[in-house]
Amino acid sequence: MSAQQMTLEDLVHLANKVGLELVAAKKVCDRYELLKHTVRARIMQRLDDGNHSETKLRRLMEVDAEYVSYLEKLIEARSQADKVKLRYESYKNLFEARRSMLSFRKAEMRLL
């Protein structure tokens, strides 16, 4: 069904569905954010052989393939969350525009 054919109720249901997708996408993103320090610590422990300073361990951790892969997953999760948020905001804006248009038409009919 095209956006032109959707009723306000259809838009509400669609916005709700996309809103739930947004919650799920944000959950994934938040999980990656919360585990970032844990992943860093785990990699630093793996790299720590007792011969490196804390600063050297941090530099080694920053270029470690596991950490770079983790950061790429975090970036992808953020990207997906942003895409879903954009869809959600678009449906919300369409709903508001359609509601305003209907209110305008009702007021216009009263004048006739």
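The legends below describe views of a predicted model of the protein.

**View 1. Overall fold of the predicted model, with 3 helices and 0 strands.** Along the sequence the elements run in the order α-α-α. The radius of gyration is 24 Å, well over the 13 Å that the globule rule gives for 112 residues, so the protein is more spread out than a compact globule.

**View 2. Surface and burial across the protein.** The accessible surface comes to about 8,500 Å². Carbon and sulfur atoms account for 56% of that surface. Of the 112 residues, 22% are buried.

**View 3. Contacts between residues at least 6 apart in sequence.** Within this set of contacts, 70% join residues at least 24 apart.

**View 4. Charged side chains of the protein.** There are 22 positive and 17 negative side chains. The centres of the two sets lie 4 Å apart.

**View 5. Asp64 in the loop between α2 and α3.** Helix α2 covers residues 54-63 and helix α3 covers residues 65-111, with Asp64 in the loop between them. Asp64 has a relative accessibility of 13% and therefore counts as buried, the cut-off being under 20%. Leaving aside residues up to four places away in sequence, Asp64 touches Ile43, Arg46 and Leu47.

Key:
Residues are numbered from 1 along each chain as its sequence is written. This is a predicted model: local features need pLDDT of at least 70, side-chain atom pairs count only at pLDDT 80 or more; totals for chains, interfaces and linings use all residues. Side-chain values use heavy atoms; hydrogens and water are left out. Helices (H or I, at least four residues) and strands (E, at least two) are DSSP runs, numbered from the N terminus. The radius of gyration is taken over C-alpha atoms; the globule rule is 2.2 Å times the number of residues to the power 0.38. Buried means under 20% relative accessible area, exposed over 50%, partly exposed in between (1.4 Å probe, protein chains only). Contact means heavy atoms within 4.5 Å. Accessible areas come from the Shrake-Rupley method with a 1.4 Å probe; for residues, only the protein chains shown count as cover. Lys and Arg count as positive and Asp and Glu as negative; His and the chain ends are not counted. The place of a charge is taken as NZ of Lys, CZ of Arg, CG of Asp or CD of Glu.
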